[in-house]
Structure formats: structure tokens, C-alpha cells
Amino acid sequence: MPAGPSRAGSLSTLGRVGRRLRHWVRRGWRAVAYLWRRSLMFRSVAITVMTTGLAIAIIGTAVMISISNNVYAQRRDQIESESARATIVAQGIFDAATAGEDNNQSELETLQSEAQQAILSNTTSPGGTSIAIERSPDQAGPQTVQNVASQHFPDAVITEALRKEVGKNTGKLSLQPVQLDEDGRRQPGLAVGSTLQIPSAGQYELYLVYDLSDAQQTLDFVSQTLSIGGVALMVLIALVTSLVVRLVVVPIRGAAETSRKIAAGRLDERIPVRGNDDIATLARSFNGMAEAVSRQITQLAELSRVQQRFVSDVSHELRTPLTTIRLAGDMLYDSRHAFEPSVGRSAELLHAQVERFELLLADLLEISRFDAQAVQLDPEPVIPAALATDIVDEFRPLAERADIDLQLVTPGGHTTMQLDAKRVRRILRNLVGNAIEHGDGKPVQVVVDSDARTVAIAVRDQGIGMPPEDAVRVFDRFWRADPSRKRTIGGTGLGLAISLGDANLHGGRIDVWSKPGEGSTFVLTLPRNDRVGVTTSAIPLPDLDESYEGPRAVREDD
Amino acid sequence: MTPRILVVDDDQALSEMIGIVLRSEGYEPEFSADGNDAIDAFHGTKPDLVLLDVMLPGIDGIEVCKRIRAESGTPIIMLTARGDTADVVAGLENGADDYVVKPFNPKELVARIRTRLRPTASDATVLHVGDLTVDVAGHEVRRGDAVIALTPLEFDLLRALSEKPNQVFTREMLLEQVWGYHYKADTRLVNVHVQRLRAKIEHDPDNPKIVTTVRGVGYRAGGA
């Protein structure tokens, strides 16, 4: 059957349409949620429109109810009095005729139509009235009058309940709201029932059905007007709100934009101040703040410049006398054998200490350059493994003197990288020198390894190590793990701080693991590409409280 | 003949100390403490080498360097307190042959002086590179009949490159051969002096044909 696949096709199309619809609804919803979160303007307007919409709806409904009640009550009163009058008039006609003579059938019928005419002329209700005169049930009279009804009398609306009510013959009018069917449209109406006593014919029931569609029309018109007015009012309020919010939001956005620019370093940016209102006050105080901040920054920059200048001047001023001392000390040192032993020894001490002083001064200047951010990388193509090999070779004599087995393992780091070789060498010299100094005669391992993102060089000793509280402070300036420890190489106390500065300059870092009695491992990690910071390392280190068996490459070697 | 060395430094103690060192090494020091006086002292003493402090009262060391170089190829070694600043490059670009960073020790200073005063080996050969004739014995470079005035350092640099035409010299090799450094030194020395040399010998220094750059390696003479 061909309907099968086609139906399936149409179903799947339907499914697709449904999915797409859901997709768009979700997107729309997300867009609204986004606007709600991000746009103060949207939120203010939405809240205002929603609340005023609710208020307008409530007020409108109340007004509509009140007006329709009013209109209905008025019509009802009018209909009631009209019906009463009509009943009286009709009854009068019948009564008057009866007073004259006995009635025959035809006369009664004449009377009936007369009454009908009279009733019609008495009802002035717009929209038309339908009349019906029906004989009350269970009447015993000599004569009967035919039930009459005006054309198109809606028999259906005269319910049993109404007939019963009228049948009670209380002398009052019975009213019942009804629905009229007019050309297929339902219209409100009012049915009024009363009784007529027709002589010699008995009790008849007079029904008048009033059409209330005119009142309904009025009410429809009123509600339409109210709705249009309400919607127009909401649109107006939305516009007014957005205008008012705009007055506030636009300066706020301007302020945000300006602060962004200031944050980006354009310290001269200010918010234009207009008028004397709250926004202007905000702008003025913002500008005041910006002014103060920019003054501070300028002052700090000036201070920093002065500081840099000072450091540079001190460098020059210190270096010149130090050069003289150095030259003099070396002259004395070279001829120390010609002096008395004590003077000769003094020359030696002078020589050694001047050298140390020189190193200290150089390190201090280097640190101050880092502080002043006056350092720059001077990258060149470097093969890290080759560089590490150079350094290890350089330190072999020292390691031999300290009776330390200096091992080098290079599973990685054989490709060329852009590095500042001078700085990387300085870092490695420092790490290897420290490892030999603190290695306690046990082997020192230098491991170069790499992964996709980093190249790492680990320097591991298995010497005295440090407790965790010391390990976290090794990069502090002039900090010494054990002040009483004998120094064999004689660092300045700035070595690791400078090394860390050098590593950071490359976008790299230095991590440390250490445990008393188990030794220390320092890992220099450098990024392969760019100078973005590294988060992982080709040689990962455990936390200080965990145990460590050395870099993977070394463990595998064992 | 004792080589004469003009020491231009405003620090009297240092000047005197340098003088002691120089005398002990067999040189004859002359002194000037002021940038303005330095040029006159240069004319008066006709030194074989100038030791020049960068920071001087009166006109500064860079300017002194420029003025001396304008009239003479006498080797100039700058004394600087800041080895990594623009001072060094400025000094080299204005004609200084080498520099020593304070604080230096006597051996370092003497080694630098010795390299610059070292008599060039007179193999009595004549080298040809491009359209240039390098007369090693005569310490002269000619293009046709026109003599091109080079400083001794620039001459040494050109000679080193010309002696092995088409061989690529790394900056480190040149530092060792021309400047006498046996360890890693400042490669800016080479870069700056190659530029100065090219400015004198090339037809179009921006498009060098005689001393060419081999990217990532170094320099060579004679072109490819």
C-alpha cells in the first residue's frame, strides 16, 4: 500500500518539523534568558511591561464587570417595567371586552391580536421583542383561545422551569436570562413571563422575549476599546520605560567602556560629564577616581623609573671602586709570595672576598633587573640535551672532588628549541652546583625528557634533603635552609631566585621535591612553543608529602 | 718600543690602578679624566690603544669614541659598568673595537689589550676577495687603485674571512680568531663590526656581495 511509506514519510517530516520547532523555541528561550541576564534595559522593560500588563488586565476586568453589570441591570429594569406595563395593558383589553358582553370565540381572537398589538406598541426595547401567549396547562374554561406567538418566537427558550414559575400565578413577573440563536450566533436575551386572565377562557401565560444583543454590542465595543487602550498603554509604557532606562543605562555603559579602556592602560580616558544630575555626579566621581588612580600609577611608574635609575647608578658607582679594589687585590694576590705569611694570607682573603662581593653585586643587580622588569629574552636555537651535557661536563671536576657520581640521562630534549641559552645555562649551573653541594657523596642525576608540550630537565640528588617547610622557601631571596651549613661552592643566596626568574621569563617554571635524608629533586620545565605558561611537565614531581623514586627514565634504567 | 695606552676615565683611583697594571705589563699609560680633554690627549700622546670609560664628564665616552674613529683606526676598548645595556651597542656602533665590563680583573684587561695590539702575522701574502685586494703585509685593502681605509679590527675581520674564502665562520669562531675570546662572548661584537665593515667595502651595504650572511650560522667572504 503506497499510503504506508508516504504516511511514514509525512510522520518523519512532522517529527523533523517538531524537532526544528523545539530547537527554535529552545534557542529563542535561550536568547531571552541571555538578554534577561545581560541586558538591564531588557529586564527593566520586561518587568515593567509584565507588571503594568497585569495591573491593566485586573483593572480592565473589573471595569468590564462593573459596566456589564450596570448595563444589564439597566436593561433588566427597563424590560421589567415594560413587561409589567404590557401585561397590564393586555389584561386591560381583555377585561374591558369582558365587561361588555359574553365573548365568543372569534371575538376572543380579535381581542388577542388587539392585545398583541398593544403589547408590541408598549415595548420600545431596541433589538426586537417576541411575544407568545400560551394557555396555562390544566385550565378548564368554556372557550379556548389559540396559542399565539409572533413570528420566529424562540420556543426553546421557554423552559419548563420558567413555565412552572409563571404557572404559580404570583402576580409577579418571572424573568430568566436566555440564549437566543440568531443566524447561528448566540445572543443574550431575557425571557419574561406573566399571566393573563382571559374571561371565559381562563388563565393564559404571556411570554415576552427580549433580545439583548444591542447591550452585548455595547459591551463588546467597550471591551474592545479597553483592550486596545490597554495594549496601547503597555506599548507606551514599554517605550517610556526603555527611554527612562536608556537615560540611565547609556551612561552606565559609557562608564563601563571607559573603565575598560582605563584598565587597558589608557589612563587619560574620562567619562563626559553633562548637566548636574545623579548620572553627572557618578561621572564626576568616576572621573575623580580615574584621576586619582592615574596619578598614583604615574607616580608609581615614576618611582619605579627612579628606582631603576638608582639601581643603574648604584651599579656604576659601585662597580668603579670595586674595579679598583679588584685590580689592587689581584696585584697583591699575584705577589703574595713576596710578603710575610700574614700579609700574604691577607692578600689571599682579600682576593677571595672581592670575588665573592663581585658575585653578590652581580646577582643583586640581576634581581633588581627582574624587579624592574628590565630583562629580555635573547632566544637562539638550542638543543636542551646538548646544553645539559655541556653543563654536566663542566661540573665533572667539581663532582669528582666531592666524590660524587654525576650521571646524565637524556631520553628526550634532542630537538632544537628557541631558548635564551645564557639563562638556561645559568639555571642548570645553579641546580647542578646545589645538587653537588648538598648531595652528601651520593650520585647526582641530571635527566632531560620531553613530551608534546614541554621539555623538562631534572636535577636529583639523594643527599640531605629538606623538610617541606624549607622546600617551599628555597626560591626566597637570601634564604638558607641551614645557616650553619658549610658552604663549598659559596653561592650568594640569590641563585634559585634568579633561576626562577629566568625560568618564568621563558614561560617555564621550576618545581621542587625534597625530603630530609632522601635528597632533593629540582625540575626545570620549559614550554616547547610560545612563551605561554606550562601547567604540566615532561618530568612530573609528586607532592612534598609523597615519596619519590626519581624521574621515570632513571627508574627504568635501574 | 713600548706601546702607549691612553686611559680615559674620570675616576682617579681606577685610572691610577689601571696605570699600575699596565706598567707592570710593560705598557706606557697616559691619562685623561675628561671627555673634552680626551681628544686633545689623543692628539698629544698618539696612543697605540685607547681605554675609554663610557660615563665621562664633559662629552661622553660614546661621543669621544666617534670623534677618535672619525680620524683614526686606533683600537678602542670601552670600559663599561653595564654590560647588557644600549651603551655597549652604541659604543660598538660608534667604532669601539671591544669592551670590558667593570669590575674586570687585571688578566682580563691585559688579554683584551694584547689581542688588539697583537702584531698581525706578516705572511706577506695578498688575498683577493670579490673585487678587493687584501694586502696582508701592507695592512691595506684596495679596490682597483683606491685604498679603502679600515681600522685594524676591521682589517683583521676581513682578513680572517678572506683567508678561507667560502668557508662559513660562526660568530663564535670569529670572536675567537679576531677578538681572542676563548669562551662564549657577546656576539653583538661580531654583528656590529660586520655591519661597519660592509659599510666600507660593499657597493651596496644593504645588499652585501663580499661578506655575506649565512642565515642561522654566521658569515662568509667571497660570496656563493
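With 11 C-beta neighbours inside 10 Å, Asn166(B) counts as exposed, because the exposed class takes residues with 12 or fewer. The model described here is predicted. Asn166(B) sits in the loop that runs between α6 and β10 (169-170) of chain B. Its phi is positive, at about 70 degrees, although Asn166(B) is not a glycine.

Lys46(B) also has a positive phi, near 45 degrees, and is likewise a residue other than glycine. Lys46(B) is placed in the loop between α2 (35-45) and β3 (49-53) of chain B. With 12 C-beta neighbours inside 10 Å, Lys46(B) counts as exposed. Pro103(B) belongs to the loop between β5 (98-101) and α5 (106-117) of chain B. As background to these backbone angles, most residues other than glycine have a negative phi, and most peptide bonds are trans.

**Helix pairs**

| Helix pair | Residues | Axis approach | Crossing angle |
|---|---|---|---|
| α6(B) and α7(B) | 152-163 and 171-179 | within 10 Å | roughly 125 degrees |
| α8(A) and α9(A) | 384-401 and 421-438 | within 10 Å | roughly 35 degrees |

In chain B, the axes of helix α6 and helix α7 cross at roughly 125 degrees. That angle makes α6(B) oblique to α7(B), and the crossing is right-handed. On the α6(B) side, the contact is made by Leu153(B), Asp156(B), Leu157(B) and Ala160(B), and α7(B) supplies Leu174(B), Gln177(B) and Val178(B). Sorted by class, the contact of α6(B) with α7(B) has five nonpolar residues, one polar and one charged.

In chain A, the crossing of α8(A) and α9(A) is right-handed. Helix α8(A) contributes Leu387(A), Ala388(A), Ile391(A), Val392(A), Phe395(A), Leu398(A) and Ala399(A) to the contact. From α9(A) come Ala421(A), Val424(A), Arg425(A), Leu428(A), Arg429(A), Val432(A), Gly433(A) and Ile436(A). The residues of this contact divide into twelve nonpolar, one polar and two charged.

**Chain A**

Twelve helices and twelve strands make up the secondary structure of chain A. The chain has 558 residues, of which 25% count as buried. Among its contacts with a separation of 6 or more, 69% join residues 24 or more positions apart.

Gln203(A) and Gly167(A) give a pair of residues separated by 36 positions in sequence, with their C-alpha atoms 9.2 Å apart in space. Gln203(A) lies in strand β5 (residues 202-211) of chain A. Is Gln203(A) buried, exposed or partly exposed? Gln203(A) is partly exposed, because 17 other C-beta atoms lie within 10 Å, whereas a buried residue needs 20 or more.

**Contact between the chains**

The contact takes 15 residues from chain B and 14 residues from chain A. Which element gives the most to the side of chain B that touches chain A? Helix α1 (residues 12-24) of chain B does, with six residues. By class, this side of chain B has eleven nonpolar residues, one polar residue and three charged residues.

Terms used:
Residues are numbered from 1 along each chain as its sequence is written. Chains are lettered from A and ligands numbered from 1 in the order in which they are written. This is a predicted model: local features need pLDDT of at least 70, side-chain atom pairs count only at pLDDT 80 or more; totals for chains, interfaces and linings use all residues. Axes are lines fitted to C-alpha atoms, for helices over the stretch in contact, and angles run from 0 to 180 degrees between N-to-C directions. Helices (H or I, at least four residues) and strands (E, at least two) are DSSP runs, numbered from the N terminus. Angles under 35 degrees count as roughly parallel, over 145 as roughly antiparallel, 65 to 115 as roughly perpendicular and the rest as oblique. A crossing is left-handed if the near helix is turned anticlockwise from the far one by less than a right angle, and right-handed if clockwise. Two residues are in contact if their C-beta atoms, placed from the backbone, lie within 7 Å. Ala, Val, Leu, Ile, Met, Phe, Trp, Tyr, Cys and Pro count as nonpolar, Asp, Glu, Lys and Arg as charged, and the others, Gly among them, as polar.
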